[in-house]
Amino acid sequence: MLTILAFIVALGLLIAVHEYGHYRVAVARGVKVLRFSVGFGHVLYRWKPRRQRPGQDTEFVIGAFPLGGYVKMLDEREGPVDPAERHLAFNTQPLRSRAAIVAAGPAANLLLAVLLYAAVNWYGVQEPTPVLASPVAGSVAQEAGLRGGEQVQQAGFDGEPLRPLRSFEELRWLLTRGALDGRDVKLQFTRSDERGAREAVLALGTLPSREADAQLFRRIGILGPWTAPVIGEVMPGGAAARAGLQQGDRVLAIGATPVVDGQQLRELIRASAGAGQPAREPWRVQRDGRTIEVAVQPDAVRDGDKPVGRIGAYVGAPPQMVTVRHGPIDGLVKGAVRTWEVSLLSLRMMGRMVIGEASLKNLSGPLTIADYAGKSASLGLTHYLVFLALISVSLGVLNLLPLPVLDGGHLMYYLWEAVTGKSVSDAWMERLQRGGIAVLLVMMSIALFNDVSRLFG
């Protein structure tokens, strides 16, 4: 129920904001708006405000099918227009007015994202401190000399000034951008067993792939913040339950290998994949102030094309958290910067998918959005607001693509009109609209296939 409610609220808000952008600028430019609709199909609810601007008689509607909306304006191309109202028709407006009305929808979504990110910055959010877990063996982080336990103080792209880091999520975002753009990242950090600060450069430009897939951070080697190697909730019937592990057990060593943090423990379990084989290395565990040995044989499960070990328990204590909060101006500026960065990243990923450098598996549809809506809402208000901001950016960027039937396609027509001095002919408009619909249907089909594969595959 939470997933459905969170999904409906997200769709309703983002679509309403998008269409309100079109509506608000249309009214400001003197265009008569006939209908403002959130959703398509059968009308569930309709109303007309008593007070509207002179010349306006807009009907507001909520449709039964929520995946979209529209603003219907007076237009001679869609039906007869009273000569007395011709000056209120969309098609009779100057080019700059038509372009502003079309661009206002995506702009409203981007502005909403700025405000949502800013609201999170103002309210404050609990995030893990930027203390690094043990790096993945053979990864970029391990090759850079990281060993786990480093407290990152500052970070930035190599060759640029370093900036202070307040949370692990800030570091994760920097690493994501660096990996996808092929830019090395420099870290300045301290270690508890050393004096002074040290630096390391993560050679992200050497990564063989620019895919934003599940393996990206495994190749980087920084999977999460530092956590204590403690066993959390134990699932009935799993390897941990069969071995007698209990919630709260602290793992000190596996065989002769000392365990220093939760990430290292997860990697050792993952690498075991020895189902059906006798346990050779007992676990040394601290429980209630005493040390015991436990024979644990992880189960082997498939992860892609190879088996990995699983014990059926949460591994690693919750990380140390810090409240990240910003002032009014700083929070708004950071909200605008994050919106800009996410927009550029979205465009680059779309471009790479078009030229074949990135997999079409990165496309997501309504099922994945609904799933993430529910998950983010269950984590709390700030996580849900960040989710809304991300989807709002995606909606704004998608609508600016130069595809007929999208806002960007109409802006492309207006650019042609500005350059040539004449509008696109009706014949070409029809051909382009059909082509745009075909491309959009293909994208939606791929996204829906990806959704089904992720959630039910």
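Guide: Start with a term. A residue is buried under 20% relative accessible area, exposed over 50%, and partly exposed in between, with a 1.4 Å probe and protein chains only. By that rule F40 is partly exposed, because its relative accessible area is 32%.

Some ground rules come next. This is a predicted model, in which local features need pLDDT of at least 70, side-chain atom pairs count only at pLDDT 80 or more, and totals for chains, interfaces and linings use all residues. Residues are numbered from 1 along each chain as its sequence is written, and side-chain values use heavy atoms, with hydrogens and water left out.

Now the rings. A pair of aromatic rings is described by the distance of the centres and the angle of the planes. Rings of Phe, Tyr and Trp (its six-membered ring) pair if their centres lie within 6.5 Å. Planes under 30 degrees apart count as stacked, over 60 as edge-to-face, and the rest as tilted. The count here comes to 8 aromatic pairs. One of them joins F40 and Y70. This pair is stacked, with 5.9 Å centre to centre and 10 degrees between the planes. It links distant parts of the chain. F40 lies in strand β1 (residues 33-47), Y70 in strand β2 (residues 59-73), and they are 30 residues apart. Strands (E, at least two residues) and helices (H or I, at least four) are DSSP runs, numbered from the N terminus. Y70 counts as partly exposed, at 27% relative accessibility.

W47 and F60 also form a stacked pair. Their centres are 5.6 Å apart, with 20 degrees between the planes. Again distant parts of the chain are linked: W47 is in strand β1, F60 is in strand β2, and 13 residues separate them. W47 is partly exposed at 37%, whereas F60 is buried at 12%. Both belong to a cluster. Ring pairs link Y20, Y23, F36, Y45, W47 and F60 into it.

Charges meet rings as well. A charge sits over a ring if NZ of Lys or CZ of Arg is within 6 Å of the ring centre and within 35 degrees of the ring normal. The charged end of R183 sits over the ring of F157, 4.1 Å from its centre.
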